[in-house]
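Here is a brisk report on side-chain contacts and backbone geometry. Keep the coordinates open while reading.

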Amino acid sequence: MRKYVIWFLVVIVLGIFVIIFYNNKIKSNTSQSRSENSPISIRIGWQIPWATQGQLTQILKHTDILEKNGLKAEFKGFNYGPPLNEAALAGEVDVIFTADQPAATLLTKNPNWVIIGRLMYNRVSLYVPPKSAITSVADLRGKTVAMPFGAAAQRMALKAEGDAGLDPKKDVNNINLDIYEQSDLVKNAEASTWKNVDALAGFDPTPAIFEEKGLIRTLTVGKVVSVIVMSKDFIKSHPEVPVRFLKAFHGAYDYYRNNVLTADSWFTEESKLDITPKALQIAASIEPNVSAKSSDEIRLGFTEEDYSIMQEAADFIYDQSLVKTKVNMKDNIDLSYLKAASLQ
């Protein structure tokens with residue numbers, strides 16, 4: 001009898017251990033499944049007053065597009081490129097939205113960043129007063145042209161002058177003027193000159209605002225190739241994120257092309273710019289994704305012209321002694337994530 005009792009107790013103990021084991025296994029699998037389904041946090045660095053990038057960021061902020069792609073974002077806004085680069089170098093952001101020149105600058109300072117896709121095209125313009133006698137870039141010989149030195153607007157202006165047969169160092173008086181100081185000059189639709197300045201170069205949305213108000217006449221427009229740049233360390237820790245993020249960004253463009261006024265209003269509200277929908281339309285006119293007829297037409301990859309423009313940006317900042325080393329932009333672009341996302 002005693003023998004049967006002992007065996008009975010052994011069976012009960014073994015049963016308890018089996019139940020505990022399977023309960024723990026179920027809890028572990030449930031916890032793992034919950035962890036796998038939890039969104040991955042990503043810190044996005046963006047530029048508050050910069051259209052069309054601003055509208056795309058607002059879409060990511062106001063919709064569930066990121067969540068649907070398994071991501072949860074913390075948005076860190078900056079007024080312009082250099083502070084955004086500083087945040088990237090300090091490891092305060094995981095992905096940034098930036099133009100070709102700041103991207104090249106970042107890459108010369110820290111190779112831990114990689115371009116994973118095209119952000120957008122944005123305009124840089126060379127313009128004169130509405131009543132100016134200047135009708136072409138060639139007419140700038142002997143004139144004073146003000147521009148923000150070190151910016152893409154300077155790069156475009158100097159190239160335009162050279163293409164028109166002018167020597168930017170001898171034939172034109174090119175002077176430095178911050179983009180935010182241009183509004184102090186550009187006020188009169190009947191002006192033929194701006195004090196001692198005959199022409200200006202700048203980047204959107206400032207020229208777009210001037211143009212919409214009839215305060216300038218544009219001589220030429222150049223293209224900046226802006227990019228999505230992600231931390232390599234972040235990618236190493238979260239290898240699935242670049243593909244997810246690009247899918248979300250593609251979704252943001254798809255939303256934008258169908259909801260322009262909504263996205264514009266979100267951008268205007270946060271940027272606090274004195275800008276109209278028409279001016280935003282002018283600024284976005286250079287970006288084909290905004291006018292795409294279907295989501296299949298949205299392109300986040302690069303053309304050969306894009307590569308040339310980005311390399312011009314890298315060469316420019318080196319030639320102007322803004323950086324100590326020259327970077328090959330194509331070597332710092334990884335399109336494998338776009339390919340994996342089927343978005344090329």
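## Charged pairs and their surroundings

Glu304 is exposed, with a relative accessible area of 55%. This is a predicted model. Glu304 forms a salt bridge with Lys330, the closest N and O atoms being 3.7 Å apart. Glu304 belongs to helix α12, while Lys330 sits in the loop between α12 and α13 (336–340), so the bridge ties together parts 26 residues apart in sequence. Lys330 is partly exposed, at a relative accessible area of 45%. Lys330 also lies over the face of Tyr307, 4.5 Å from the ring centre.

The structure holds 17 salt bridges. Three of them are set out here.

| Salt bridge | N to O distance | Separation in sequence |
|---|---|---|
| Glu287 and Arg118 | 2.7 Å | 169 residues |
| Glu304 and Lys330 | 3.7 Å | 26 residues |

Take Glu287 and Arg118. Their side chains meet in a salt bridge at 2.7 Å, N to O. Glu287 comes from the loop between α11 (277–284) and α12 (304–319), and Arg118 from strand β4 (residues 113–128), so the contact ties together parts that are 169 residues apart in sequence. Glu287 is buried, with a relative accessible area of 1%. Arg118 is buried too, at 0%.

Lys131 is partly exposed, with a relative accessible area of 47%. Glu190 counts as exposed at 54%.

Salt bridges with shared partners also build a network. Arg123, Asp204 and Glu211 are joined in this way.

## Around Asp306

Asp306 is found in helix α12. Is Asp306 buried or exposed? Asp306 is buried, with a relative accessible area of 0%. A polar contact of 3.5 Å joins its side chain to that of Arg299. Leaving out residues up to four places away in sequence, Asp306 touches Arg118, Tyr121, Val225, Arg299 and Gly301. Arg118, in this list, is the salt-bridge partner of Glu287. Tyr121, another contact of Asp306, has the charged end of Lys223 over its ring, 4.2 Å from the ring centre.

## Aromatic pairs

The count of aromatic pairs comes to six. One of them is formed by Phe97 and Phe245, a tilted pair with 6.2 Å centre to centre and 40° between the planes. Phe249 and Tyr253 are four residues apart in helix α9, which separates them by about one helical turn. Both Phe249 and Tyr253 are buried. Ring pairs link Phe97, Phe245, Phe249 and Tyr253 into a cluster.

## Backbone geometry and a loop contact

Two cis peptide bonds deserve a look. The bond from Ala51 to Thr52 is cis, with omega near 5°. Thr52 lies in the loop between β1 (40–47) and α2 (53–62). Asp204 and Pro205 are also joined by a cis peptide bond, with omega about 15°. Pro205 is found in the loop between β7 and α7 (206–212). Asp204 is also part of the salt-bridge network with Arg123 and Glu211.

Next come positive phi values. Lys195 is not a glycine, yet its phi is positive, near 55°. Lys195 lies in the loop between β6 and β7 and is exposed, with a relative accessible area of 68%. Lys272 is not a glycine either, and has a positive phi of about 60°. Lys272 sits in the loop between α10 (260–271) and α11, and counts as exposed at 69% relative accessibility.

Where is Asn110 placed? Asn110 is in the loop between α5 (100–109) and β4. The side chain of Asn110 reaches the backbone nitrogen of Asn112 at 2.8 Å. Asn110 and Ala88 are 22 residues apart in sequence, and their C-alpha atoms are 9.3 Å apart in space.

Technical notes: Residues are numbered from 1 along each chain as its sequence is written. This is a predicted model: local features need pLDDT of at least 70, side-chain atom pairs count only at pLDDT 80 or more; totals for chains, interfaces and linings use all residues. Side-chain values use heavy atoms; hydrogens and water are left out. A salt bridge is a side-chain nitrogen of Lys or Arg within 4 Å of a carboxyl oxygen of Asp or Glu. Helices (H or I, at least four residues) and strands (E, at least two) are DSSP runs, numbered from the N terminus. Buried means under 20% relative accessible area, exposed over 50%, partly exposed in between (1.4 Å probe, protein chains only). A polar contact is a pair of N or O atoms within 3.5 Å; within protein, one must be able to donate a hydrogen and the other to accept it, and residues adjacent in sequence count only if both atoms are side-chain atoms. Contact means heavy atoms within 4.5 Å. Rings of Phe, Tyr and Trp (its six-membered ring) pair if their centres lie within 6.5 Å; planes under 30 degrees apart count as stacked, over 60 as edge-to-face and the rest as tilted. A charge sits over a ring if NZ of Lys or CZ of Arg is within 6 Å of the ring centre and within 35 degrees of the ring normal.
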